[in-house]
Amino acid sequence: MYLHNKKTQSHFSIKELKKSSSPFKPTNILLSLVVLYIIVQSWVDTQMSFSALINGWANMLSYLSGDPNVANSSYFSPSLETHEIKTYLFAMIETLQMAVIALLISVVLAVPLSWFCSRNILDIMFPQQNILFFIIKKIIYFISTFIANVCRSINEIVWALIFVSAVGLGPMAGILALAIHTAGVLAKLLSEGNENIDTGPIKALESMGVGFIKVLIYAILPQTMPHYISMILYRFESDVRSASILGFVGAGGIGFYLFDKIRGFENGSVCTILIIIVAIVFLVDKASAFIRKKYI
């Protein structure tokens, strides 16, 4: 009798498991149809067409090949003028420096902002359970997430244009543009890590009457630090790429030369600049991967 009931219960649980994990639920089917409609409608509305790309392939090759009657108009081969390469390398170093300073500023802004964008961290900051502190936490969370959304929603180039009008042409405008945009992105990424931490160590410290600062140092940061480092390295890679084009609006770095050569149809020089950018981004990516592997 016991074995029969056990088999029946096991059969029932397997049946329920299959039913609950089935991908053919009405809600899943409806959601799939909605997603499919969005994709199809977006494809049609944006006039996306692989045939247009295939038909225009010859034009692209012609552009890359350049005009044989115009010197340096072809992407191949790249310009190998020593003085040009030296200039571009120094500009790329400036671009890396912009990314480093921008990252430093963005981390200083994003880390505390990410705490205010995390509901669980706010609950630790304000453990009081009355209506006043409930409203305070809601207001802080709304303002913080709104600031982060504004910072990351506006493209770096737009920020650069704004800061160029304030501080003039040069790297400083690019640094500020990258810092503000990256702060918004990092605040979002870091807050997601904050909200996935284990509450056990936190409750243990709180039960001992420990304040928020010590809880932050001994229970929150040790858990979130690997995630913080990973996201910060990821954003540094992105900032190096973004800093490479901020020169288009006069914000310094190698982007200034890239825009100048594109505008002058000096495509051999453009190719040289692109090779330098790709090489440096590749090295930054490898360095980031090494740090992640060694310390995370």
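**Close-up views of a predicted model**

**View 1. Ser106 and its neighbours.** Leaving aside residues up to four places away in sequence, Ser106 touches Ala179, Thr182, Ala183 and Leu186. The model shown here and in the other views is predicted. Ser106 belongs to helix H5, residues 82-116. Its relative accessibility is 0%, so Ser106 counts as buried. The side chain of Ser106 also reaches the backbone oxygen of Leu103, at 2.8 Å.

**View 2. Helix H9 against helix H11.** H9 spans residues 171-194 and H11 spans residues 212-243. Their axes come within 10 Å and cross at roughly 155°. Angles over 145 degrees count as roughly antiparallel, so H9 is roughly antiparallel to H11. The crossing of the pair is right-handed. From H9, the contact takes in Leu178, His181, Thr182, Val185, Leu186, Leu189, Leu190, Gly193 and Asn194. From H11 come Thr224, His227, Tyr228, Met231, Ile232, Tyr234, Arg235, Asp239, Ser242 and Ala243. By class, the residues of this contact are 10 nonpolar, 7 polar and 2 charged.

**View 3. Helix H7 against helix H9.** H7, residues 131-153, packs on H9 at an angle of about 130°. The two axes are 7 Å apart. At that angle H7 is oblique to H9. The crossing of H7 and H9 is left-handed. On the H7 side, the residues are Ala148, Cys151 and Arg152. They meet Ile180, His181, Gly184, Val185, Ala187 and Lys188 of H9. The residues of this contact divide into 5 nonpolar, 2 polar and 2 charged. Among the H9 residues in this view, His181 and Val185 are also listed in the contact of H9 with H11.

**View 4. Asn267 in helix H13.** Asn267 lies in H13, which covers residues 267-295. With a relative accessible area of 4%, Asn267 is buried. Buried means under 20%. A polar atom of the Asn267 side chain lies 2.7 Å from the backbone oxygen of Ser73. Not counting residues up to four places away in sequence, Asn267 touches Tyr63, Asn72, Ser73, Ser74 and Tyr75.

**View 5. A cis peptide bond between Phe76 and Ser77.** The peptide bond from Phe76 to Ser77 is cis. Its omega is near 0°. Ser77 sits in the loop between helix H4 (57-65) and H5. H5 is also the helix that holds Ser106.

**View 6. Gln47, with positive phi.** Phi of Gln47 is near 55°, a positive value in a residue other than glycine. Gln47 is placed in the loop between helix H2 (26-45) and helix H3 (50-55). Its relative accessible area is 68%, so Gln47 is exposed.

**View 7. Phe265, with positive phi.** Phe265 is likewise a residue other than glycine with a positive phi, near 55°. The loop that holds Phe265 runs between helix H12 (255-263) and H13. Phe265 is exposed, at 57% relative accessible area.

Definitions and conventions: Residues are numbered from 1 along each chain as its sequence is written. This is a predicted model: local features need pLDDT of at least 70, side-chain atom pairs count only at pLDDT 80 or more; totals for chains, interfaces and linings use all residues. Side-chain values use heavy atoms; hydrogens and water are left out. Axes are lines fitted to C-alpha atoms, for helices over the stretch in contact, and angles run from 0 to 180 degrees between N-to-C directions. Helices (H or I, at least four residues) and strands (E, at least two) are DSSP runs, numbered from the N terminus. Angles under 35 degrees count as roughly parallel, over 145 as roughly antiparallel, 65 to 115 as roughly perpendicular and the rest as oblique. A crossing is left-handed if the near helix is turned anticlockwise from the far one by less than a right angle, and right-handed if clockwise. Contact means heavy atoms within 4.5 Å. Ala, Val, Leu, Ile, Met, Phe, Trp, Tyr, Cys and Pro count as nonpolar, Asp, Glu, Lys and Arg as charged, and the others, Gly among them, as polar. Buried means under 20% relative accessible area, exposed over 50%, partly exposed in between (1.4 Å probe, protein chains only). A polar contact is a pair of N or O atoms within 3.5 Å; within protein, one must be able to donate a hydrogen and the other to accept it, and residues adjacent in sequence count only if both atoms are side-chain atoms.
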